[in-house]
Amino acid sequence: MNDPLLPFLGRPVEVEVTGPFFIAGLMVDLGPDVTVVYTGEQFFYIPLLHIHAVQPYKPRDDSAMDGGPELPHENVADPISFRKMLMHAKGQFIEMNVTGRDSIHGCVTAIMNDYVEFYSPVFGTIYVLIEHIKFIVPHTGPTAPYGLKTVSYPVHPARLDLSRTFRQQLQKSVGRMVVMDLGHNPDKIGMLEAAGDHWAELVRSDGSRIKLNLRHVKSFARPPGPQEQ
């Protein structure tokens, strides 16, 4: 593999990720579009698309940079890819960062052309554009997020049929309430009035309308209507 990052494989590194985040650890695997960094506690699967810089890192405790436990994706055929990682993670507890601000915890329930369906016990079903996923971290500990028991984790994907693309999926929600990008921006919460190939129109809580460039929409969730309660 002729990759500029190959000299870092097996070495301690600090990776700057869109956000910005700085993730320091041992680079334990590398694929054509993803790298894996082990921090001594967690495995970060980071798409190369969101890596701004990589540099050598000198850990305070060299033992923290040991190989660590078995990679969560050991049974995935080489070379690894980010899509393979998502497929391997399907149905398992993971942390996923999308907004560059906060992470969501839950599991991938479906993988489509350019987005994933993700179930969070906090937000419900969220549709996330794959290109905006900053990293994923498998839950390797004995407990599930929020103290939930694995055997009783309530995975309830939305009753909305899945389209091939994110924009087609969004178009199915015209006439319904949507929450985009986890609702951090109040301008991205409202009734979806229209959704085209490039722009969407929302009616906000005060009745005013706003047009949103879909290039900057990373995810959306659709609160259940009365018939879906």
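Modeller: Let me begin with the lining of the largest cavity: by class it has eight nonpolar, three polar and no charged residues. Please keep in mind that this is a predicted model.

Colleague: What makes the space a cavity, and how many of 30 Å³ or more does the structure hold?
Modeller: The term is used for points where a 1.4 Å probe fits but cannot get out. The structure holds one such cavity of 30 Å³ or more, and about 80 Å³ of space lies in the largest cavity.

Colleague: Which residues lie nearest the centre of the largest cavity?
Modeller: Y45, M85, H88, A89 and P138 do, out of eleven lining residues. A residue is counted in the lining if it has an atom within 4 Å of a point.

Colleague: Which elements each supply at least two residues of that lining?
Modeller: They are α1 (82–89) and β10 (135–138). The largest share, three residues, comes from α1.

Colleague: Which residues make the nonpolar surface patch?
Modeller: V122, F123 and Y146 make it, and the patch is about 320 Å². For nonpolar side chains, the joining distance is within 5 Å.

Colleague: Now the backbone. What kind of peptide bond joins G19 and P20?
Modeller: A cis peptide bond, with omega of about -5°. P20 has its place in the loop between β1 (12–17) and β2 (21–30).

Colleague: What is the phi of D181, and what of L182?
Modeller: D181 has a positive phi of about 50° although it is not a glycine. L182, not a glycine either, has a positive phi of about 65°. D181 is placed in the loop between β11 (177–180) and β12 (189–195), and L182 is found in the loop between β11 and β12 as well.

Colleague: How do you know whether D181 and L182 are buried or exposed?
Modeller: Buried means under 20% relative accessible area. D181 has 7% relative accessibility, so it counts as buried. L182 has a relative accessible area of 15%, so L182 is buried too.

Colleague: Why does G31 count as buried?
Modeller: G31 has 0% relative accessibility, and therefore it counts as buried. G31 sits in the loop between β2 and β3 (34–38). From G31 to I80 it is 49 residues in sequence and 5.0 Å in space, C-alpha to C-alpha.

Colleague: Let us turn to charges. What makes the contact of K188 with D181 a salt bridge?
Modeller: The cut-off is a side-chain nitrogen of Lys or Arg within 4 Å of a carboxyl oxygen of Asp or Glu. For K188 and D181 the closest N and O atoms are 2.6 Å apart, and they form a salt bridge. K188 is buried, and so is D181. A search of the whole structure finds five salt bridges.

Colleague: What do R204 and D187 do?
Modeller: Their side chains meet in a salt bridge at 2.8 Å, N to O. R204 lies in the loop between β13 (199–203) and β14 (209–213) and D187 in the loop between β11 and β12, so the pair ties together parts that are 17 residues apart in sequence. R204 counts as partly exposed because its relative accessibility is 23%; D187 is partly exposed because its relative accessible area is 27%.

Key:
Residues are numbered from 1 along each chain as its sequence is written. This is a predicted model: local features need pLDDT of at least 70, side-chain atom pairs count only at pLDDT 80 or more; totals for chains, interfaces and linings use all residues. Side-chain values use heavy atoms; hydrogens and water are left out. Patches are made of residues with over 30% relative accessible area and no salt bridge: like charges are joined within 9 Å, nonpolar side chains (Val, Leu, Ile, Met, Phe, Trp, Tyr) within 5 Å. Accessible areas come from the Shrake-Rupley method with a 1.4 Å probe; for residues, only the protein chains shown count as cover. On a 1 Å grid over the protein atoms alone, a cavity is a set of points where a 1.4 Å probe fits but cannot get out, and a pocket is an open set with protein on both sides within 12 Å along at least five of seven lines; lining residues have an atom within 4 Å of a point. Grid points are joined across faces, edges and corners, and a volume is the space filled by probe spheres set on the points. Helices (H or I, at least four residues) and strands (E, at least two) are DSSP runs, numbered from the N terminus. Ala, Val, Leu, Ile, Met, Phe, Trp, Tyr, Cys and Pro count as nonpolar, Asp, Glu, Lys and Arg as charged, and the others, Gly among them, as polar. Buried means under 20% relative accessible area, exposed over 50%, partly exposed in between (1.4 Å probe, protein chains only).
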